[in-house]
Amino acid sequence: MTHHDRATGTCGCQDQPALVFDEQGDLVEDVSVLGPPPTTIPHAPLPSLGLRRPCTAARLNGSWLLQVRPLVPAFPMSEVRGPMRIEVGPSSLRISGDVYVRRSGVIGPVVTHPIGVPVRAGGDHVFDDDRDEDFDQELGEDRGGVLFPPLRWYPQLPKNEYSWYFRSTGVTWSGGELSFSFVRHLWDRTTQDFVSTDTGRMTLRCHQPLLEPIFRPATMQGTATIGRRRYALTATKTSTFYRGCRVEVDAMTGRAWPASATTAGGVTSTFRNIYASAGWDTPTTLDEVDVPDDASLTNAELQTLISTHQGSATADQWRLWLLVGSAQGTTFGVMFDQDAVPREGAVGFADATLSDSPIIEAGARNRPLDEVPAAFLRTLVHEAGHAFNLFHPKHDVHVPGVGTEIMNQTGDVMGFATAANPYPGNATFAFSSHDRTSLIHSPDPQVRPGWKGFGWGHGSLSAGLPEPTDAEGLVAQDDAADLTLELRLPDEVFVGQYVTAEVVLTNTGDEAREVSSRLNLSEGDLRLLHALPGGDVEQVRDVVLACGPPQSTVLQPGESITSHVQVFFTSEGVTFDVPGRHLVRAEFDALGWAAVRSQRVAVQVRMAGTEEERGVAAVTLDPGVGAAFALGDFGRDEAVKAGLATVAEAHPESDTGGAAALVLANSLARTHQDYRTGETRAASATEAKHFMDLAAQGRTALELVTLATTVPSPIEREAPVVADALARARRARKPKADLALAEERAADFVAPSGR
Amino acid sequence: MTGLTLTLEAPAEVPLDEALVVVVRLRNDGAEPVATSSRLDLAEDDLSVWVGREGADRVRAEWPWPVDSARREVTLAPGEELVGSALLLAPAARLFPQPGDYSVVATFAPRPDTEVASVPVAVRRVEAFDEAARARRRALEDPEVVQSICSLSVMGTAAEGLDLLAGPGGAPVARLLSTTVTTTTADLRAAIDDAVAATGAVTVAAALASVLPPGLFPGDERLAVAADVVADADSGDATAAALLSGAATIHG
């Protein structure tokens, strides 16, 4: 041993043989079976180290901020960075990380601003029971009037910058050089899921001075090959833990938080030291101790309590709210938070009572959990585990096996208790190996409270090896700030029904914004992401795709642009042709690198039920008719014309019949040249008027013009149907206000502007 | 393993605007008494119900939240059975995404290390073509409505959907469960009376026990009210009473 390693408390050793770890991160004892270590990326010989030496393996252990930069700067500049976790065990070395990307949009060096904040407990009730001796020191306290930088923090970045996750598939550690291959899982920000994988390699060199300045974090430099490109790497150590999450505890009046408990073997356990054993830093603050009493809590009441009692935090901070509550039947606890921002709250029920069974410790029988700290602490740690997306082992798809560790249900732990080894003494106050690995290495979307729903991530992430992409992953845009996109679709349609969508882009900021005005499915800026009932995801665009110059408009604060698009027949064919629940999300490239996404909208699709509906579907499901709806023209296909006329004449009051009439009115108002045959379709003003009259029946001016704007291809802004519909409405002497709105709608079809 | 047999009973055909509740029976067909978990409900995770259809992966019916609770055991004498129920509503829209034929099977863990399974049962889910019925079906697919029914408390913006399900013309089980969420215990008896008249005592007991497992909510007033109604109905079937009490009975 040559040197004491301040960061790890271990001794550094030099001249150690290379250590090789396999795909699972386990040490390979007999390296010869593997052949020679993989050739790492060539790099220049290390400069003379002077008073420097290779780091110890133990120094690697913990959380790092990984920054990735192209070796050759390229526009647009991006910040590619995120947490990297290196888990060094007695005979294992595993690495994983989550990378977040933000386009900086500037030429020049990317400035990495401080990310995250040190995890520390605040308030007046910080528990001291398990505080590290050097906790205050590590947090960067004001010592002697000098504010030192924080030495324990966790890169916690915006969810909308998430780009990829990686995990090592083989590691070599030798002479201060860490080299590993990894598999990368690429994240799609629209579907909020991993969609593909590829592979890469990173090499990092870690050396430390013989005399190390106090409070200076360890760093590593190196290179990476990602998607066949090379990058420079910098890693900065942020903690000896792997992840951190603040925990705020509120207690109902008269109930006590089990700050510590004496568990099997006389060991003192706390919430924090149990999580610390799994590599998580969970500073816990008892914030309120007088939440108003309520003898029985429903889940709706729990949702109200979290919304009214949880303290504030920054949007990117990982945090969890725990309630020491009263009761809900005989339940011990529940992770109740399953709303749109899930897994941020859990409760333990202090009044729930242990039975008088002989498998319960004598002193705990018939006692409420509140009076049995070990049992209550176990339940609270267990419920927090659910908030970090851990499952009951008996239903975990990885089948880790039922036992006595934390994530087993209390009932199952009791199943292993006996009179000689009663509960809670028989409980293991630690996470199983499977759960510990999940806590340390699972992707951020899985474990971070407030991200993916409970139960996500317990299957295979994805399969296959697609074409490599670069270090930015699948990121094409950043999320646009101060813009919202709203998508409106009918709740329910039958297969064969004409369907339109309303898309509204709104400037919610305080300043005017220039945005693309190509709010349609033809010109590439707008896309619909369509999840079918079976789970397949398709991208919906118009059947006609156009390339043209960017078109923009300026939205003042509060202004919107609105468009109506037909989605009956698209690049998918008949879009809603499968019965069941469809989910659709709109995505719009607002301008430059900024994209904006709508909420998901559900559309229930059913088969045509009534005789009328079946009659309509029999016509509209013909591909030629579908194409006519998409193009706003039936061409020279007389059969399609006849079908459209049948639907228009029979059901002019429905959108399907009205749209059919408008397709005919649009087609017949102009000639049509078939360049393949040289034949021409003549215009027929009489027929066009007839079908326009049909479409106008029972519709306001706005309804008629709105439907008319969905009929022609969006790039065919001179199509007669919109102007003709407006003229028809004027002739009908519709109310002035109605006409004024219709005129705006017609004008927006040609050139959308903010309103 | 021990002579325990699990059976599942489900209606052959249920419209999609109705809440589907299945009844499960754990019976000791052996010659010796058997100690078993008595947590025969979805909430506590010893019971699982799986729904499958041709050409798709089977989906596990879930309780919307992970729950921690103590072990409860019962010793079943030979011929005795325990009866429980499960509400198949979550994950909303994934269990029964479309009309058609489904296969439903139950599994149960009498002890942490053992499992028994039922024989699959076929259930046909049929579409409702009436507009009101379709609106009710959509309400049943709203996760907040599902959470409200399972927790018997109004979650988020579920009130409108619950009112729709509880309104006139609603399917009886969904109507009863929605009414149970939104009404006081004092007013519940009339709703239970109506539901018993419409669908029978066993279905009503199964529906209420599926969201208020008697072992998890012992002494709950709503279970007591239902038990009174069932006793008054004098159907002669011990199943309804057993569902509401959670007690083991002799298999008829």
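**View 1. Strands β14(A) and β15(A) of the predicted model pair in the antiparallel sense.** Eight bridges join β14(A) to strand β15 of chain A, which covers residues 229-239. Within this pair, Gln221(A) stands opposite Thr234(A) in β15(A). The two strands form a hairpin with two residues between them, and in this hairpin Gly227(A) takes a positive phi near 55 degrees. On another pairing of β14(A), which spans residues 219-226, the partner is strand β12 (residues 193-205) of chain A, and this pair is also antiparallel, with six bridges. Here Met202(A) stands opposite Ala224(A) in β14(A).

**View 2. Domain 1 of chain A touches domain 2 of chain A.** The domain assignment of chain A gives domain 1 as two segments, 3-110 and 132-239, and domain 2 as 246-447, while domain 3 covers 478-606 and domain 4 covers 611-750. Where domains 1 and 2 meet, 13 residues of domain 1 are in contact with 10 residues of domain 2. On the domain 1 side, the elements that give two or more residues are β6 (78-89), β7 (92-103) and β10 (162-174) of chain A. The residues on that side divide into four nonpolar, three polar and six charged.

**View 3. A mixed, open sheet takes strands from chain A and chain B.** Its six strands follow the order β21(A)-β17(A)-β22(A)-β24(A)-β23(A)-β7(B). At the edges stand β21 (284-291) of chain A and β7 of chain B, each of which has a single partner strand, so one side of each is left without a neighbour in the sheet. Strand β17 (residues 246-252) of chain A pairs with β21(A) in the parallel sense over five bridges, and in this pair Val249(A) stands opposite Leu286(A). Strand β23 (residues 333-334) of chain A, by contrast, runs antiparallel to β7(B) and is joined to β7(B) by two bridges, with Gly333(A) opposite Asp68(B).

**View 4. Chain A and chain B are in contact through residues of both chains.** The contact takes 44 residues from chain A and 35 residues from chain B. On the chain B side, β7 (67-68), α1 (131-140) and α2 (143-151) each supply at least two residues. Sorted by class, the side of chain B that touches chain A has 18 nonpolar, six polar and 11 charged residues.

**View 5. Ala205(B) lies in the largest nonpolar core, which has 149 residues.** The residues with the most contacts inside this core are Val22(B) and Ala205(B), and helix α6 (residues 201-211) of chain B gives the most to the core, with nine residues. When its neighbours within four places in sequence are left aside, Ala205(B) is in contact with Ala226(B), Val230(B), Ala240(B), Leu243(B) and Leu244(B). A second, separate core has 77 residues, among them Leu528(A), Ala586(A), Val603(A) and Ala630(A).

**View 6. Helix α4 of chain B is largely enclosed by the rest of the structure.** This description applies because 10 of the 11 residues of the helix, which covers residues 172-182, are buried. The buried residues of α4(B) include Pro172(B), Val173(B), Leu176(B) and Leu177(B), as well as Arg175(B) and Ser178(B).

**View 7. The side chains of strand β26 of chain A alternate between two faces.** Six bridges join β26(A) to strand β28 (residues 500-507) of chain A, which runs antiparallel to β26(A), and Leu483(A) stands opposite Asn507(A) in β28(A).

**View 8. Helix α13 of chain A packs against other helices of chain A through its buried residues.** At 1.5 Å a residue, the 12 residues of α13(A), numbered 685-696, should span 16 Å, and this agrees with the end C-alpha atoms, which are 16 Å apart. Ala688(A), Phe691(A), Met692(A), Leu694(A), Ala695(A) and Ala696(A) are buried in this helix. The buried residues of α13(A) pack against α11 (638-650), α12 (655-668), α14 (701-710) and α15 (720-731) of chain A. Just after the helix, Gly698(A) takes a positive phi of about 75 degrees.

Key. Residues are numbered from 1 along each chain as its sequence is written. Chains are lettered from A and ligands numbered from 1 in the order in which they are written. This is a predicted model: local features need pLDDT of at least 70, side-chain atom pairs count only at pLDDT 80 or more; totals for chains, interfaces and linings use all residues. Domain bounds come from an automatic or database domain assignment. Two residues are in contact if their C-beta atoms, placed from the backbone, lie within 7 Å. Helices (H or I, at least four residues) and strands (E, at least two) are DSSP runs, numbered from the N terminus. Ala, Val, Leu, Ile, Met, Phe, Trp, Tyr, Cys and Pro count as nonpolar, Asp, Glu, Lys and Arg as charged, and the others, Gly among them, as polar. Two strands pair if DSSP finds at least two bridges between them. A nonpolar core is a set of buried Ala, Val, Leu, Ile, Met, Phe, Trp, Tyr and Cys residues joined through C-beta atoms within 7 Å. A residue is buried if 20 or more other C-beta atoms lie within 10 Å of its own, exposed if 12 or fewer, and partly exposed in between; C-beta atoms are placed from the backbone. The expected span of a helix is 1.5 Å times one less than its number of residues.
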